[in-house]
Amino acid sequence: MPTLTYKSIAPDGQTVNGEADAASPEELARTLVADGHTVMEVAEAKSTAGSFTIRRRLSARDLVVAFGELATLLESGVSLSDAVTAQGRGSYHPQLVAGFEAIGRELLRGQNFLGALRASDLNLPGYVFHLVEAGELSGTLAESLREAVQQMDYDERVASDMRGALTYPAILVAGGTAAILVVFMFVVPQFADILNDHPDLPLLADVVLSTGLWMNDNGAWLGLALVAGIVAAAIVLQRPAARQRVVDILASAPVLGQWYTELDTAKWAAVMGAMLGSRVELMDALDLAGRGVRISRRRTMLTQVAGDVRGGVALSEALESRAALTPTGYNLLRVGEQSGQLAEMAKALARLYEENSARRMKRVLALIEPLAIIFIGGFLGLVMIGIMLAITSVNEVAL
C-alpha cells in the first residue's frame with residue numbers, strides 16, 4: 001500500500017499535515033472526511049533520499065503569473081476559496097504554494113481576502129493590498145485584482161527593460177577593463193628590461209612600464225582588493241539609505257537622469273490610474289503612489305502635492321505649482337478632473353511617459369556604447385603608444 005501525504009483541517013480548526021497508508025488518494029480522503037476533517041490536499045509521498053535541489057528565488061514574474069491566473073478564475077465566476085485552492089495546487093514554486101495555502105487557511109477561518117493576503121507573507125507591492133481592499137468594499141474584487149496584476153506586470157517589465165538596456169554596456173565595460181588589466185599585467189612586464197636598462201625614457205613610456213611592473217608584482221593583492229571591494233559594495237547596498245543614494249545619483253546624472261525620472265513618473269501615474277480605477281480615495285491613492293516613487297527629490301515633491309490637494313487645491317493645479325510634470329501631463333489630468341475620468345487620464349499619462357522613456361533609453365544606449373568603446377580603445381591605444389615610445393627610444397640610443 002503506498003504512503004500518501006495529506007493536509008487537512010481538523011474538527012477543532014487546526015491544520016494537520018500527516019502521512020497515512022491507503023490504496024488511493026480517494027480512499028484516504030474519504031477516511032479523513034469520515035473523521036470530520038476538511039481535506040485540503042492528498043498526494044503521494046516523495047522520497048528525498050539522495051536528492052539535491054537548488055530552490056530558485058521567487059521572482060516578480062512568478063507573482064504576476066500566479067495572481068493573473070487567480071484574477072482570471074475570479075472573473076470566470078469561480079468562488080474565491082476554490083480559486084485560491086486551485087492556485088495552491090497549480091503553482092510550481094514552493095513559496096507560492098505555501099502562500100496560497102496560507103490564504104486558503106485564513107479564508108476557511110472566516111478571514112476576508114485582504115487579511116488572508118497579508119497573512120501569506122508573499123512579497124507583494126503595497127498597492128496590491130489597497131486595491132484588494134477597495135475591491136472587497138465595492139464588490140469588484142476580480143476587477144481590482146486584475147488592476148493590481150496589470151500594475152505588477154508593468155513594474156516587472158520596466159525593471160526587465162532597465163536590466164536588459166544596461167546589460168550590454170556593462171559587459172562592454174567589464175570586457176574592456178579585463179583587457180586593460182591583461183595588457184598591464186602580462187604584456188607590459190615583457191618590456192621590463194627596457195625600464196631597468198634605460199632610465200631616461202619619455203614620461204608616458206615610463207608611466208606605462210612602471211604601472212605594468214607594479215601590477216604584475218602585486219597581482220594577488222589587486223585581486224584581493226577587487227574581491228573585497230565587490231563584497232563591501234554588496235554589503236553597503238543592502239542598506240536602504242545606500243541604495244537610495246545610488247538612485248539619487250543616477251537621477252542627477254546629465255543624460256541618465258531624465259530617463260530615470262520619466263520611468264519613475266510613469267510608475268507613479270500608472271499606480272494612480274490603477275488605484276483611482278478601483279475607486280480608491282484620491283488622498284489614499286496619492287499617498288500610496290508617492291511612496292512608490294524611488295527618487296527622493298520627487299517623493300518629497302509629491303508629498304507636498306498631496307498636502308496641497310488635502311488643503312483643497314485641484315490635483316492638476318497642485319502638480320503644476322510644484323513643476324512635477326510636463327504641460328501635457330497637467331492638461332491630461334485637468335481634462336480628467338473636468339470630465340470625471342481622472343483614472344483614465346492618469347493611465348494615459350503613464351503610457352505617455354513610458355513611451356518617452358523608451359525613446360530616451362534608446363538615445364542613452366546609443367550614447368553609452370560608443371563612449372565606452374572610445375574610452376577603452378583610447379586607454380589601450382595610450383598603453384600601446386607608451387610601449388612604442390619605449391622601444392623607439394631604445395633604438396635611438398642604440399644608434
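## Report on a predicted helical chain

Ser8 lies in strand S1, which covers residues 3–9. This is a predicted model. With a relative accessible area of 0%, Ser8 is buried.

**The chain as a whole**

The secondary structure comes to 17 helices and three strands. The chain has 399 residues, and buried residues make up 39% of them. Among contacts with a separation of 6 or more, 60% join residues 24 or more positions apart.

**H7 against H9**

Helix H7 runs over residues 141–187, and helix H9 over residues 203–217. Their axes are 7 Å apart and meet at an angle of about 90 degrees. That angle makes H7 roughly perpendicular to H9. From H7, the contact uses Leu181, Phe184 and Met185. From H9, Val208, Thr211, Gly212, Met215 and Asn216 take part. By class, the contact has five nonpolar residues, three polar residues and no charged ones.

Ile376 lies in helix H17, which spans residues 342–398. At 13% relative accessibility, Ile376 counts as buried, because the cut-off is under 20%. Setting aside residues up to four places away in sequence, Ile376 touches Leu172, Val173 and Gly176. Ile376 and Leu172 are 204 residues apart along the chain, yet their C-alpha atoms are separated by 9.1 Å.

**H14**

Helix H14 takes in residues 296–310. At 1.5 Å a residue, its 15 residues should span 21 Å. The end C-alpha atoms are 21 Å apart, which agrees.

Which residues of H14 are buried? They are Arg298, Met301, Leu302, Val305, Ala306, Asp308 and Val309. Seen down the axis of H14, these buried residues fall within an arc of 160 degrees, so they line one face of the helix. Thr303 and Arg310 are exposed on the other side of H14.

What covers the buried residues of H14? The cover includes helix H12 (256–277), helix H13 (282–291) and helix H15 (315–321). Thr265 lies in H12. Thr265 is buried, with a relative accessible area of 3%. Leaving aside neighbours within four places in sequence, Thr265 is in contact with Arg298, Leu325 and Tyr353. Arg298 is one of the buried residues of H14.

Just after H14, Gly312 takes a positive phi of about 110 degrees.

**H16**

Helix H16 covers residues 327–339 and has 13 residues. From its first C-alpha to its last, H16 reaches 18 Å. That is close to the 18 Å expected at 1.5 Å a residue.

The buried residues here are Gly329, Tyr330, Leu333 and Gly336. Seen down the axis of H16, they fall within an arc of 130 degrees, so they line one face of the helix. The face turned away from the buried side carries the exposed residues Pro327 and Gln338. Just after H16, Gly340 takes a positive phi of about 75 degrees.

**Residues with positive phi**

Asp121 is one of them, with a positive phi although it is not a glycine. Its place is in the loop between helix H5 (113–119) and helix H6 (126–138). Asp121 counts as exposed, at 66% relative accessibility. Ala323 likewise has a positive phi and is not a glycine. Ala323 lies in the loop between H15 and H16. At 54% relative accessibility, Ala323 counts as exposed, because the cut-off is over 50%.

| Residue | Phi |
|---|---|
| Gly312 | about 110 degrees |
| Gly340 | about 75 degrees |
| Asp121 | about 65 degrees |
| Ala323 | about 55 degrees |

Definitions and conventions: Residues numbered from 1 in each chain as written. Predicted model: local features only at pLDDT ≥ 70, side-chain atom pairs only at ≥ 80, totals over all residues. Heavy atoms only, no water. Axes fitted to C-alpha atoms, helices over the stretch in contact; angles between N-to-C directions. Helix = DSSP H or I, 4+ residues; strand = E, 2+ residues; numbered from the N terminus. Parallel < 35°, antiparallel > 145°, perpendicular 65-115°, else oblique. Contact = heavy atoms within 4.5 Å. Nonpolar A, V, L, I, M, F, W, Y, C, P; charged D, E, K, R; others polar. Expected span 1.5 Å × (residues − 1). Buried < 20%, exposed > 50% of the residue type's maximum accessible area, 1.4 Å probe, protein only. Arc of directions from axis to C-beta.
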